[in-house]
Amino acid sequence: MLTLDNLIIEQGDFRLSADLTIPAGARVAVIGPSGAGKSTLLSVIAGFFAATQGRVLWRGEDITQTDPGARPLSILFQDQNLFPHLSVTRNLALGLNPAGKVAATDRTRIETALIRAGLEGMGARKPGQLSGGQQSRAALARALLRARPMLLLDEPFAALGPALKAEMLGLVAQIAREQGTTVLMVSHDPEDARALCPQTVLVADGVALPPQDTQSLLDHPPPSLRAYLGA
Ligand SMILES: Nc1ncnc2c1ncn2[C@@H]1O[C@H](COP(=O)(O)OP(=O)(O)OP(=O)(O)O)[C@@H](O)[C@H]1O
C-alpha cells in the first residue's frame, strides 16, 4: 500500500496537495490537465523532488527521506531511460546492480528478460541501434528485471504508434499481474487508462484526488476533466 499522507508539493507558484492511499497491486492511472502536476507527483513518490510537507509511506514505512535508488520502485519516462553509451545488456545490468558488473547468473536473467520483452539477441547493441519501440522494450525489460513492488510510468509509450503502444501496455499489465506490481501511470490518453487501469487518480485544481473508478470517471467527467478531454 502506498500512502501519500497530507502531502503539500510546491514549485514556484505551483501548489499541489495529495492525501490518498493506493492499495498494493493496484493499477492506477494519473490523469488531469497539462501542468496540473502529474509528473511532479510521480517525482515526489520516486524521491527526485521533495514535498514541502507530509509523508510518503510504503506498506506503512516512511520513505519520505529515502534515496531514490533505495525506494521500492522503478520509474519509466518517455525518454532518458537508457544510457546511450552502454550496451543493452549493461543497461539492464545497472538495474540489478548500480556498479554495473555483470555476474554470470545475471547474464542468464538478463537474457530471459530480453526474450520476454521481444529483444532476443539484441543485448550487445547500443540503444541508438534500436528502434524507438525496441528502446521502450529494453527499458521495460530493465524494470521487469528489477522486480520492484511499484512501477511508475510517466508517458513512456507516448511516442509509439497505436499498435506498439497497445502491445507495451499489454506487457506492463502481464508483468504487473505476475509480479503483483503496483502501477501508477501518467497518461494523456484516456483509452490507456481504460485499458490498463481500473482506478484513476485525478490531478486538477491543485489537488490529487484519491483513486476512483476509471470507467465512471471518464464516462462522467467533472468540469476540470471535461475541458481537458474535450468532452
Ligand atoms: N522547475 C520548476 N520550477 C517552477 N515550476 C515548475 C518547474 N517545473 C514544473 N513547474 C510547474 O509545476 C507545475 C506542474 O508541472 P508537471 O510537469 O508536474 O505537470 P503535468 O501535469 O505533468 O503536465 P503535463 O501533462 O503537461 O506533462 C506546472 O505548472 C509547471 O509549470
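Trainee: Which domains is the chain divided into?
Mentor: Domain 1 is 1-72 + 149-231, and domain 2 is 82-147. The bounds come from an automatic or database domain assignment. Numbering starts from 1 along each chain as its sequence is written. This is a predicted model: local features need pLDDT of at least 70, side-chain atom pairs count only at pLDDT 80 or more, and totals for chains, interfaces and linings use all residues.
Trainee: How far apart are the C-alpha centres of domain 1 and domain 2?
Mentor: They lie 25 Å apart.
Trainee: And how many residues are in contact?
Mentor: Twelve from domain 1 and ten from domain 2. Contact means C-beta atoms, placed from the backbone, within 7 Å.
Trainee: Which helix gives the largest share on the domain 1 side?
Mentor: Helix α5, residues 162-179, with six residues. Helices are DSSP runs of H or I, at least four residues, numbered from the N terminus.
Trainee: What classes are on that side?
Mentor: Ten nonpolar, two polar and no charged residues. Gly counts as polar here.
Trainee: Switching to the ligand. Which residues are around it?
Mentor: Q11, G12, F14, G32, S34, G35, A36, G37, K38, S39 and T40. The cut-off is a C-beta atom, placed from the backbone, within 6 Å.
Trainee: Which helix gives the most to that shell?
Mentor: Helix α1, residues 38-46, with three residues. By class, the shell has two nonpolar, eight polar and one charged.
Trainee: What about confidence in the chain?
Mentor: Mean pLDDT, the predictor's confidence in each residue from 0 to 100, is 91, and 99% of residues reach 70 or more. For the complex, the predictor gives an ipTM of 0.94 and a pTM of 0.91.

Definitions and conventions:
Helix = DSSP H or I, 4+ residues; strand = E, 2+ residues; numbered from the N terminus. Contact = placed C-beta atoms within 7 Å.
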